[in-house]
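Hello,

Here is the structure for you to look over. My notes follow below it.

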Amino acid sequence: MSAIAGPAAATAEGRALRLERTGTANKVGKRRRRNQSIRTAISAIVIVVWCVAPFYWMIVTSFRDVGFTFDTTPWFTHFTWDNYVTALSTNLGNHLGRALLNSLIIGAVTTVICLLFGIFAAYALARLDFRFKGIVMGVILGASMFPGVALLTPLFQLFTSWGWIGTYQALILPDISFALPLTVYTLTSFFREMPWDLEEAARIDGCTPAQAFRKIILPLAAPAVFTTAILAFIASWNEYLIASQLTTDATQTVTVAIAGFTGSQPHQEPYTAVMAAGVVVTIPLVILVLIFQRRIVAGLTAGGVKG
Amino acid sequence: MRGIRVMGSGAQRDPRETLDVVIGAVAFFAFAFLVITVVAEVTGQDALGWALTLLAFVVLLALLVAGRRRMTRTLAVRRTDAARAADDLPLDMLGSPDGGRGAVRR
C-alpha cells in the first residue's frame with residue numbers, strides 16, 4: 001500500500017509545496033509593488049508640495065488685506081481684491097498692463113526667431129556628418145554657460161552707441177543669445193532619436209529634401225518644437241538682469257515693472273500688490289502650458305528612450 | 001578633407017563626439033579669456049589674473065586634445081583588428097560563392 005501510495009503522496013506534496021511557494025512569491029511581489037507605489041506617491045506629493053507651495057503662498061498673500069501682510073496663517077484670511085486693483089492701476093505709476101504687452105512681444109519674437117534658427121541648426125547637427133560637429137556643439141554649450149552679468153556692461157555701451165536703449169531689439173537680441181543654445185540642444189537630442197527611415201521613404205517617393213523636411217520631419221517633431229518654444233518663451237519672460245538695465249518706462253518688461261512697484265501707502269513696501277502682480281504675470285504662462293500640455297508631455301519624454 | 005554628408009538611418013555616433021563637445025566648450029572659454037587678457041593688457045589694466053585663468057584653460061584644452069588623439073589611435077587599432085579578424089574567417093563561414101565546397105579559396 002505504502003509502495004503504491006508513496007509516489008502519489010510525494011507528487012501531491014510537491015504540488016502543494018509548489019503552490020505554497022508560488023503563493024508566497026505572489027504575496028511578496030504584491031507587497032513589493034504596493035510598497036513601491038506608496039513610495040512613488042509620497043515622492044510625488046513631496047515634489048508637488050515643494051513646487052506649488054511658493055505659488056500657493058503668493059496667491060494667499062495677494063488676496064490678503066495690506067494691514068495683514070506679514071500674517072502667517074496658511075489659508076485665506078482678511079480677503080480683499082484691493083491688491084489686484086493697486087497692481088493693475090496706473091494712478092500709482094505702475095504700468096503692469098503695458099509691461100505685460102512688452103514681455104509678450106519680446107517673448108514671442110524671441111521664441112519665433114529661436115525656433116527658426118534652432119530647428120535648422122538642430123536638424124543639421126543631428127542629421128549631417130561634418131567636420132568639427134562636436135566642437136560646434138561644445139561652443140554652443142559654452143555660450144549657454146556664459147554668465148549674463150558679464151555681458152551687461154559691454155551690451156549697455158554697445159546699445160548706447162547704437163541708440164538702442166529703450167527699444168525692443170535691445171532686449172530681443174540678448175534674449176535670443178540666451179535661449180538659442182537651449183533651443184538647439186533640446187531639438188538636437190530630439191532629432192537624434194527620430195526615425196530617419198521615414199524621411200528616406202519620403203525621398204524615395206519623390207519628395208525633395210525640403211519637402212521631406214516640411215511634410216515628414218516637422219510634423220513628427222511638433223511635440224519637441226512646442227516644448228522648446230515654451231521653454232524659450234519662459235526664459236525670455238523671466239529675464240530680469242538685462243531688462244533692468246536696457247529698458248525705459250515704455251519698454252519695461254513685467255519682471256522690471258514688478259521690481260519697481262509702488263503701493264497705495266507711502267513708505268511701505270507693497271508686498272501684497274507685488275504678490276497680486278506676480279499672480280497676474282504667472283497666468284499667461286499657466287494658460288500657455290495648459291493649452292499645449294499634451295504636446296509638451298510628449299516632447300519632454302521624447303528622446304529619452306532609444307529604439 | 002571630410003565633406004558634409006547625410007548620415008544613414010543606422011549610422012552610429014562617433015564615440016569621440018562627447019569629448020569634442022567638452023573641447024568646444026573649453027575652447028570657447030579659453031577664447032573668451034584670451035580676448036579679456038588682451039583687452040586688459042592693451043588698456044593697461046592688471047591682466048595677471050586673467051592670464052593665469054587663460055593658462056589653466058589652455059592646459060585643460062591641451063590635455064583634452066591629447067586625450068582625443070589617444071582615443072583616435074585606440075579606435076583605429078580596434079578597427080584594424082576587427083577588419084583583420086574578419087579577413088581571417090574561413091570562407092564557408094562567410095557564405096562562399098561555391099556553396100562551401102571549397103573550390104574557391106583565398
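**A loop proline in chain A**

A:Pro147 sits in the loop that joins H4 to helix H5 (148-162) of chain A. Please keep in mind that this is a predicted model. Is A:Pro147 buried or exposed? A:Pro147 is exposed, because 8 other C-beta atoms lie within 10 Å, and a residue counts as exposed at 12 or fewer. A:Phe178 is 31 residues away from A:Pro147 in sequence. In space, the two C-alpha atoms are 9.7 Å apart.

**Confidence**

Chain A has a mean pLDDT of 85. In that chain, 91% of residues reach 70 or more. Confidence in chain A is highest in helix H3 (residues 96-127), at a mean of 93. It is lowest in helix H13 (residues 293-301) of chain A, at a mean of 65. Where pLDDT is low, predicted coordinates should not be read in detail.

**Domains of chain A**

Chain A splits into domain 1 (2-62) and domain 2 (85-301). Their C-alpha centres are 44 Å apart. The two domains do touch: domain 1 of chain A gives four residues to the contact, and domain 2 of chain A gives six. On the domain 1 side, two of the residues are nonpolar, two are polar and none is charged.

**Chain B**

Chain B has 106 residues, and 10% of them are buried. It holds three helices and one strand. Along the sequence the order is β-α-α-α. Take the contacts in chain B with a separation of 6 or more: 55% of them are between residues 24 or more positions apart.

**Where the chains meet**

In the contact between the chains, 17 residues of chain B meet 17 residues of chain A. Two elements of chain B give two or more residues each to its side: strand E1 (5-6) and helix H1 (17-42). H1(B) provides the largest share, 10 residues. By type, the chain B side has 10 nonpolar, two polar and five charged residues.

The strands take part as well. Strand E1 (residues 128-129) of chain A pairs with E1(B) in the antiparallel sense, over two bridges. Within E1(B), B:Val6 stands opposite A:Leu128.

**The cores**

Which residues touch the most other members of the largest nonpolar core? They are A:Ala122, A:Leu187, A:Val225, A:Ala229 and B:Val26, in a core of 37 residues. The elements that each supply at least two residues of this core are H3, helix H4 (133-145), helix H6 (169-192) and helix H9 (222-237) of chain A, along with H1 of chain B. H1(B) gives the largest share of this core, nine residues. In soluble globular proteins, nonpolar side chains tend to be buried together.

A:Ala229 is in contact with A:Thr111 and A:Leu115, leaving aside its neighbours within four places in sequence.

Best wishes

Key:
Residues are numbered from 1 along each chain as its sequence is written. Chains are lettered from A and ligands numbered from 1 in the order in which they are written. This is a predicted model: local features need pLDDT of at least 70, side-chain atom pairs count only at pLDDT 80 or more; totals for chains, interfaces and linings use all residues. Two residues are in contact if their C-beta atoms, placed from the backbone, lie within 7 Å. Helices (H or I, at least four residues) and strands (E, at least two) are DSSP runs, numbered from the N terminus. Ala, Val, Leu, Ile, Met, Phe, Trp, Tyr, Cys and Pro count as nonpolar, Asp, Glu, Lys and Arg as charged, and the others, Gly among them, as polar. Two strands pair if DSSP finds at least two bridges between them. Domain bounds come from an automatic or database domain assignment. pLDDT is the predictor's confidence in each residue, from 0 to 100. A nonpolar core is a set of buried Ala, Val, Leu, Ile, Met, Phe, Trp, Tyr and Cys residues joined through C-beta atoms within 7 Å. A residue is buried if 20 or more other C-beta atoms lie within 10 Å of its own, exposed if 12 or fewer, and partly exposed in between; C-beta atoms are placed from the backbone.
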